[in-house]
Structure formats: structure tokens, C-alpha cells
Amino acid sequence: MAKEFTYEIKKHIGVLSDSGTLTMELNLISYSGAGLKYDLRMWRMKDDKPTMQKGVTMTREELLALRDLLNSMEEI
């Protein structure tokens, strides 16, 4: 039998955008009791409860590599 999918937001880091119905947030999350991951994801309020939408989950090393990449970008 498959293990139930669970998640726990350990630390809310910040909101990147908020359209009123959708927010894009960066959080530190534990999925199904596993180690912590950085999670950049859209959340939708449904029945007064946030529901996960599409997103990207990264390790600390991947998040730091993304930060470095963004910092090295020239202005567009």
C-alpha cells in the first residue's frame, strides 16, 4: 500500500507574488517526514484552506546555485 503524502511547512520564507486567489511562496518544507527542502510554489485558497499548485522543490545547494545564477545575470 502506498504511503500517504503529507507535508509540513517548517518555515515560511516569503511571498513573491499575490494575485488574491494565487500566491507564489518560498517555504522550507518537509515532505512525508523526509529532510527539509526549499519549495517555490503557487498556492490557491480553496474552502479557506491553501492547496498546492505547481512548483519546484530544491535542496539548499540548488537554491544557492540558483541565487548565484540570478546574481550573475545582466539586466534585461
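Lys and Arg count as positive and Asp and Glu as negative, while His and the chain ends are left out of the count. On that basis the chain carries 11 positive and 12 negative side chains, and the centres of the two sets are 6 Å apart. The model is a predicted one. The chain contains four strands and one helix, and three aromatic pairs are present in the structure.

**Fold and dimensions**

- In sequence order, the elements of the chain follow the pattern β-β-β-β-α.
- The chain is more spread out than a compact globule, because its radius of gyration is 14 Å, well over the 11 Å that the globule rule gives for 76 residues.
- The C-alpha trace spans about 45 × 30 × 20 Å along the principal axes of the chain.
- Of the contacts between residues at least 6 apart in sequence, 19% join residues that are at least 24 apart.

**Burial and surface**

- Of the 76 residues in the chain, 20% are buried.

**Aromatic residues**

- Phe-5, Tyr-7, Tyr-31 and Trp-43 belong to one aromatic cluster.
- The structure has three aromatic pairs, and one of them joins Phe-5 and Tyr-7, with 6.3 Å from centre to centre and 40° between the planes. This Phe-5 and Tyr-7 pair is tilted.
- Tyr-7 also pairs with Trp-43: the ring centres lie 5.7 Å apart and the planes stand at 55°, so this pair is tilted. Planes over 60 degrees apart would count as edge-to-face, and planes under 30 as stacked.
- Tyr-7 is in strand β1 (residues 7-18) and Trp-43 is in strand β3 (residues 36-46), so their pair ties together parts that are 36 residues apart in sequence.

- Tyr-7 has a relative accessible area of 32%, so Tyr-7 is partly exposed.

Methods: Residues are numbered from 1 along each chain as its sequence is written. This is a predicted model: local features need pLDDT of at least 70, side-chain atom pairs count only at pLDDT 80 or more; totals for chains, interfaces and linings use all residues. Side-chain values use heavy atoms; hydrogens and water are left out. Rings of Phe, Tyr and Trp (its six-membered ring) pair if their centres lie within 6.5 Å; planes under 30 degrees apart count as stacked, over 60 as edge-to-face and the rest as tilted. Buried means under 20% relative accessible area, exposed over 50%, partly exposed in between (1.4 Å probe, protein chains only). Helices (H or I, at least four residues) and strands (E, at least two) are DSSP runs, numbered from the N terminus. The radius of gyration is taken over C-alpha atoms; the globule rule is 2.2 Å times the number of residues to the power 0.38. Contact means heavy atoms within 4.5 Å. The place of a charge is taken as NZ of Lys, CZ of Arg, CG of Asp or CD of Glu.
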